[in-house]
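Work through the exercises below. Try each task before you read its solution.

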Amino acid sequence: MNYNTDKFQSGLEKLNVSLTEDQISKFLMYYDILIETNKVMNLTAITEFEDVVDKHFLDSISICQVYDMNQNIRVLDMGTGAGFPGIPLKIAFPEADIVLADSLNKRIRFLNDVISKLELKNITAIHARAEELGHKKEYREKFDLCVSRAVANLSSLSEYCIPFVKVNGKFISYKSGEIDSEVGQAKKSIYVLGGKVEDVYKFDLCKQRRSFVIIKKEKKTPLAYPRKAGMPTKIPIQ
């Protein structure tokens, strides 16, 4: 199917990202697989091509405004769902070594299908809950960067994500524009987990107000965290 990629190219230019024809074709293949699979599995409510470009592809890539993605870094995408932001990041910034984690196995099967069909290298999808994975030594404090677009309170999300980040690494949470009170409420949790809010970067993307909460890991996370399944959401650290 032929798609008009003018709006995509325009959005990439605003982000100062240049993609090859091969990379653009991978995004189009990803879109096709996403929409086809979405007919039988609930992956996204956003299905129109231009909407997926704006709200999934460009939104995922927009982290390049606050973090240099063109380097050999190890990245964890926690609660990746249909692969956002991890798969767009892998296509756009192939040097990054990416791990996609999600608690639903059928989503992992979908992601493995995408990885295979797009012939992506140095990217793996794992079926796991953050509360358990965060205590495994091969993943705990092993990542330069952890990202998440998951819909969760920042306090809970920090407990899911900060344990994976190396000291001096970063956890960057994709959020909507209205984030100030949520950041304020999460500061105690972030501190307890070894992090510090370095910046809250607000910007407009395709007529949407967006923000990145940038958390730097300053010290090791206490071994008690993350707590057992469900606890970070039910009883956030106060």
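**Exercise 1.** At what angle do the axes of helix α2 and helix α5 cross?

*Solution.* This is a predicted model: local features need pLDDT of at least 70, side-chain atom pairs count only at pLDDT 80 or more, and totals for chains, interfaces and linings use all residues. Residues are numbered from 1 along each chain as its sequence is written, and side-chain values use heavy atoms, without hydrogens and water.

Step 1. Find α2 at residues 21-38 and α5 at residues 105-117. Their axes come within 10 Å and cross at roughly 150 degrees.

Step 2. Classify the angle. α2 and α5 are therefore roughly antiparallel (angles over 145 degrees, on a scale from 0 to 180 between N-to-C directions).

Step 3. List the contact (heavy atoms within 4.5 Å). α2 gives Met29, Tyr30, Ile33, Leu34 and Thr37. α5 gives Phe110, Asp113, Val114 and Lys117.

**Exercise 2.** Which parts does the aromatic pair of Phe143 and Phe164 tie together?

*Solution.* Step 1. Describe the pair. Ring centres within 6.5 Å make a pair, and planes over 60 degrees apart count as edge-to-face. Phe143 and Phe164 are edge-to-face, at 6.5 Å centre to centre and 75 degrees between the planes.

Step 1. Phe143 lies in strand β4 and Phe164 in the loop between α7 and β5, so the pair ties together parts 21 residues apart in sequence.

Step 2. Check burial. Both Phe143 and Phe164 are buried (under 20% relative accessible area, 1.4 Å probe, protein chains only).

**Exercise 3.** Which residues form one aromatic cluster?

*Solution.* Phe8, Phe27, Tyr30, Phe57 and Phe84 form one. Tyr30 also belongs to the contact of α2 with α5.

Note on methods: Helices (H or I, at least four residues) and strands (E, at least two) are DSSP runs, numbered from the N terminus. Angles under 35 degrees count as roughly parallel, over 145 as roughly antiparallel, 65 to 115 as roughly perpendicular and the rest as oblique. Rings of Phe, Tyr and Trp (its six-membered ring) pair if their centres lie within 6.5 Å; planes under 30 degrees apart count as stacked, over 60 as edge-to-face and the rest as tilted. Buried means under 20% relative accessible area, exposed over 50%, partly exposed in between (1.4 Å probe, protein chains only).
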